Amino acid sequence: MIKLAGLSLCCVFLAVILREKNRAFALAVSVFGVCLIFYSTLSELRSVISELNGITNDISSAASYFRLMLKVLGITLMTQLISDICRDNGENALASVTEISAKLIVVVLVLPLFEAVISIVGGIIK
């Protein structure tokens, strides 16, 4: 965690210093820092995903729901990253549209889950 915090602070200081001289290069430094931090956390994410895969392998019906949860998690994380970059560059409208679009995509992905829950509840009621 200290390594990630140090890397974040270095990127922030570089971006702030460079923003006054060259905004495009400051943006490139910020994006590179984000990618580097994300890459360094992938190994921990892989261990979590493999552990969850082991749990869901025992229950075959849970595998599709697990994949759905990972897709939704990926969409939300990428959307947050993209909208933060847009807001940092003064593009608030673009950030808002990106967030709304991601929410719509998540709703479309989760519709089969809603159908399954409704059919289960309907079966319990009958």
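Read along the sequence, the protein follows the pattern α-α-α-α, with 4 helices and 0 strands; helices (H or I, at least four residues) and strands (E, at least two) are DSSP runs, numbered from the N terminus. The radius of gyration is 20 Å, well over the 14 Å that the globule rule gives for 126 residues, so the protein is more spread out than a compact globule. That radius is taken over C-alpha atoms, and the globule rule is 2.2 Å times the number of residues to the power 0.38. This is a predicted model, in which local features need pLDDT of at least 70 and side-chain atom pairs count only at pLDDT 80 or more, while totals for chains, interfaces and linings use all residues. Residues are numbered from 1 along each chain as its sequence is written, and side-chain values use heavy atoms, with hydrogens and water left out.

**Overall form**

- Along the principal axes, the C-alpha atoms fill a box of roughly 70 × 35 × 15 Å.
- The accessible surface comes to about 9500 Å² (Shrake-Rupley method, 1.4 Å probe), and 72% of this surface belongs to carbon and sulfur atoms.
- Among contacts (heavy atoms within 4.5 Å) between residues at least 6 apart in sequence, 47% join residues at least 24 apart.

**Largest pocket**

- The largest pocket holds about 380 Å³ of space; a pocket is an open set of points on a 1 Å grid over the protein atoms alone, where a 1.4 Å probe fits, with protein on both sides within 12 Å along at least five of seven lines.
- Its volume is the space filled by probe spheres set on the points, which are joined across faces, edges and corners.
- The lining consists of 16 residues (those with an atom within 4 Å of a point), and Cys 11, Val 12, Ser 30, Val 34 and Asp 88 lie nearest the centre of the pocket.
- Helix 1 (2-19), helix 2 (23-58) and helix 3 are the elements that give two or more residues to this lining.
- Helix 1 gives the most, with 6 residues.
- By type, the lining divides into 9 nonpolar, 4 polar and 3 charged residues; Asp, Glu, Lys and Arg count as charged, Ala, Val, Leu, Ile, Met, Phe, Trp, Tyr, Cys and Pro as nonpolar, and the others, Gly among them, as polar.

- Thr 79 lies in helix 3 (residues 62-88) and counts as buried at 12% relative accessibility.
- Not counting residues up to four places away in sequence, Thr 79 touches Thr 98, Glu 99 and Ala 102.
- Ser 83 also lies in helix 3 and is buried, with a relative accessible area of 0%.
- With residues up to four places away in sequence again left out, Ser 83 touches Ala 95 and Glu 99.

Terms used
Buried < 20%, exposed > 50% of the residue type's maximum accessible area, 1.4 Å probe, protein only.
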